[in-house]
Amino acid sequence: MGRIVRSLSGCLLIIAAAAPAGLSAGNQLYEPLAASVQATLHKAISDHSVPLDRPMTFLGFASEADARDWLASMSFKLAGRMRDPVAREEFLITVHYEAVRAGLDPQMVLGLIQVESNFRKHALSTAGARGYMQVMPFWTKLIGNQEHNLFHLRTNLRYGCVILRHYLDIEKGDLYRALGRYNGSLGRPEYPTMVERAWRRDWSYSGAARTHVP
């Protein structure tokens with residue numbers, strides 16, 4: 001039996017039973033980019049990474065205590081999927097930094113990663129999408145460097161967040177349609193609905209963070 005859910009666009013939808021997390025990875029579709037857009041995305045990919053030697057200063061929270069509260073909350077939620085506490089902390093710090101840097105909600109990005117790869121670093125789809133955020137390899141040639149390793153933590157999250165931000169800009173802030181583009185299923189409700197469900201159900205957080213990286 002199907003269920004009635006509310007989509008990211010606010011519409012009510014009837015969908016079939018939910019697919020298991022991590023089994024819905026799709027394909028970002030290759031589309032030629034204007035030179036100015038390509039240059040902007042290349043710069044976004046190439047910028048400096050999160051300084052892990054002093055990460056709490058750069059998580060975009062009002063205080064270090066708030067940053068540590070978020071990290072502890074998310075670490076608890078993620079512990080069953082990522083057992084190594086050091087790797088888990090590095091992953092979460094990088095997710096938050098790259099998401100906020102791209103103007104995305106870190107909780108939404110965690111929901112997307114859950115649906116795309118179920119937090120498997122070396123996930124590989126049948127179409128060749130790679131890593132946590134299931135980034136298609138053509139992006140390294142289009143906006144980055146062909147030597148970039150999409151299974152590398154920061155590289156994968158940097159590309160994934162920049163690409164989703166690009167789609168969000170194309171769709172004038174419509175996250176429902178941007179997620180459809182990210183998954184290669186524009187106009188279909190299943191993928192955006194799964195991301196929203198994971199986001200709201202599994203990665204909700206009541207604390208307040210700033211909306212930009214210092």
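In the predicted model, His-166 touches Leu-33, Val-37, Leu-41 and Trp-139, when residues up to four places away in sequence are not counted. His-166 lies in helix α6 and has a relative accessible area of 10%, which is under the 20% limit and therefore places this residue among the buried ones. Two of the residues touched by His-166, Val-37 and Leu-41, belong to the part of helix α1 that meets α6.

The packing of α1 against α6 was examined next. The axes of α1 (residues 35–46) and α6 come within 9 Å and cross at roughly 145 degrees, and the crossing is right-handed. On the α1 side the contact is made by Val-37, Leu-41, Ala-44, Ile-45 and Ser-46, and these residues meet Arg-158, Tyr-159, Val-162 and His-166 of α6. By class, this contact comprises six nonpolar, two polar and one charged residues.

After α7 comes Gly-184, for which phi is positive, near 70 degrees.

The count of aromatic pairs in the model comes to six. In one of them, formed by Phe-119 and Trp-203, the ring centres are 5.4 Å apart and the planes stand at 55 degrees, so the pair is classed as tilted. Phe-119 lies in the loop between α4 and α5 (138–143), whereas Trp-203 lies in the segment after α8, so this pair ties together parts that are 84 residues apart in sequence. Phe-119 and Trp-203 are both buried. A further aromatic pair, Trp-139 with Tyr-167, is edge-to-face, with a centre-to-centre distance of 6.3 Å and an angle of 75 degrees between the planes. This pair likewise links distant parts of the chain, Trp-139 being in helix α5 and Tyr-167 in helix α6, 28 residues apart, and both residues are buried. Trp-139 is also one of the residues touched by His-166. Finally, Phe-119 and Trp-203 form one aromatic cluster together with Phe-91 and Tyr-132.

Conventions:
Residues numbered from 1 in each chain as written. Predicted model: local features only at pLDDT ≥ 70, side-chain atom pairs only at ≥ 80, totals over all residues. Heavy atoms only, no water. Helix = DSSP H or I, 4+ residues; strand = E, 2+ residues; numbered from the N terminus. Buried < 20%, exposed > 50% of the residue type's maximum accessible area, 1.4 Å probe, protein only. Contact = heavy atoms within 4.5 Å. Axes fitted to C-alpha atoms, helices over the stretch in contact; angles between N-to-C directions. Left-handed = near helix turned anticlockwise from the far one by under 90°. Nonpolar A, V, L, I, M, F, W, Y, C, P; charged D, E, K, R; others polar. Phe/Tyr/Trp six-rings, centres within 6.5 Å; stacked < 30°, edge-to-face > 60°.
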